[in-house]
Each structure stands twice: as structure tokens, then as C-alpha cells.
Amino acid sequence: MIKIYTDGSCLGNPGKGGWAAIIFIDGKKIKIKGGKKNTTNNKMELLAPIQALKKIPIGKKIEIYTDSKYLKLGITEWIDVWKKNGWKTSSKKKVKNIELWKELDNLVKNHKIKWFWVKAHAGNPINEEVDLLAREMAILN
């Protein structure tokens, strides 16, 4: 079982952003991170699992842990409705960050993924570590 912890950060919204993921695979702990200027927190939350899943061979069982309800609910509940409605929300507005959602949706199809929400800043050491990495990347941008 592969475990991935993800987080996104933004200094200002929009502002300087960072994303990070910690991947536990084959007994190894791999950290990946990146950032962008003039972005949003939600974009960073989406980029973290996208970049992590690109590192995983196709067909794996994965657990993804996030403190973003936007990400967790979006990929497990809202996305099917959005697709059915032509990528529009229930209020008939275009889904924000649509290209990132589509990319994540395509990556998710390649694996068996269980998504877990964890409370931010509640003492989970890996969540705290990935949060720090994401914030560091936001500062660097």
C-alpha cells in the first residue's frame, strides 16, 4: 500500500503558492514540492496530489491524506456531478480550476485510491511536515 500526504499553501489568495507531497512507497519516504507565483491555495491543494500521482506506477493501491476538504470532497463527491453537468456546478457556474480537476481525474483512474481527510495542525506529524514543505515553497516563490 502506497501512502501519500499532500498539502498546498498560499501567501495571499491569490499570492505566492507552494505545494508538497510525502510519498511512502517500497519502504522509502519521498518528498516532492514545488510552487508558483500569483496562484491560489486551492490550485496548490490540487497540484500536490497531481504531482504525487505522476510519480506512482499505474495500477497501485494508494491512500491519500489531505487536510483540504475542497480536494477531498471535490474528488470523491462533487466531480461526478460536475462531469454529468458538463463541468458546471449545481448553480450552473463553470467549475473553478477545471483543468487541474480534469488532470487529477485522469490520474485517479489509473489506481485504486482511498482518500482521507485529516485535521490540519492537529498533531499528525506527517501532515505537519508536508504543511511545512508547502509553506516553505510558498515563501520561496
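Glu-103 is partly exposed, because its relative accessibility is 28%. Here buried means under 20% relative accessible area, exposed means over 50%, and partly exposed lies in between (1.4 Å probe, protein chains only). The structure is a predicted model, where local features need pLDDT of at least 70, side-chain atom pairs count only at pLDDT 80 or more, and totals for chains, interfaces and linings use all residues. Residues are numbered from 1 along each chain as its sequence is written, and side-chain values use heavy atoms, with hydrogens and water left out.

Which partner does Glu-103 meet in a salt bridge? The partner is Lys-54, at 2.9 Å from N to O. A salt bridge is a side-chain nitrogen of Lys or Arg within 4 Å of a carboxyl oxygen of Asp or Glu. Glu-103 lies in helix α3 (residues 98-108), and Lys-54 lies in the loop between α1 (41-53) and β4 (61-66), so the pair ties together parts that are 49 residues apart in sequence. Helices (H or I, at least four residues) and strands (E, at least two) are DSSP runs, numbered from the N terminus. Lys-54 is partly exposed, with a relative accessible area of 46%.

Asp-105 forms a salt bridge with Lys-83, and the closest N and O atoms are 3.0 Å apart. Lys-83 lies in helix α2 (residues 69-84) and Asp-105 in helix α3, so this pair ties together parts that are 22 residues apart in sequence. Is Asp-105 buried or exposed? Asp-105 counts as buried, because its relative accessibility is 10%. Lys-83 is partly exposed, at 33%. Contact means heavy atoms within 4.5 Å. Leaving aside neighbours within four places in sequence, Asp-105 is in contact with Ile-75, Ile-79 and Lys-83.

Now turn to how α3 packs. Two packed helices are described by the angle between their axes and the distance between the axes. The axes of α1 and α3 come within 10 Å and cross at roughly 30°. That makes α1 roughly parallel to α3. Axes are lines fitted to C-alpha atoms, for helices over the stretch in contact, and angles run from 0 to 180 degrees between N-to-C directions. Angles under 35 degrees count as roughly parallel, over 145 as roughly antiparallel, 65 to 115 as roughly perpendicular, and the rest as oblique.

Which residues meet between these helices? From α1 come Lys-43, Leu-46, Leu-47, Pro-49, Ile-50 and Leu-53. From α3 come Leu-100, Trp-101, Glu-103, Leu-104, Leu-107 and Val-108. The residues of this contact divide into 10 nonpolar, no polar and two charged. Ala, Val, Leu, Ile, Met, Phe, Trp, Tyr, Cys and Pro count as nonpolar, Asp, Glu, Lys and Arg as charged, and the others, Gly among them, as polar.

Next comes strand β3. Lys-31 meets Glu-129 in a salt bridge of 2.8 Å, N to O. Glu-129 lies in helix α4 (residues 125-140) and Lys-31 in strand β3 (residues 28-39), so the pair ties together parts that are 98 residues apart in sequence. Lys-31 is partly exposed, at 47% relative accessibility. Lys-29, Lys-31 and Glu-129 are linked in a network of salt bridges. A search of the whole structure finds seven salt bridges.

Lys-33 also lies in strand β3. Lys-33 is partly exposed, with a relative accessible area of 46%. Not counting residues up to four places away in sequence, Lys-33 touches Trp-19, Ala-20, Leu-133, Glu-136 and Met-137.
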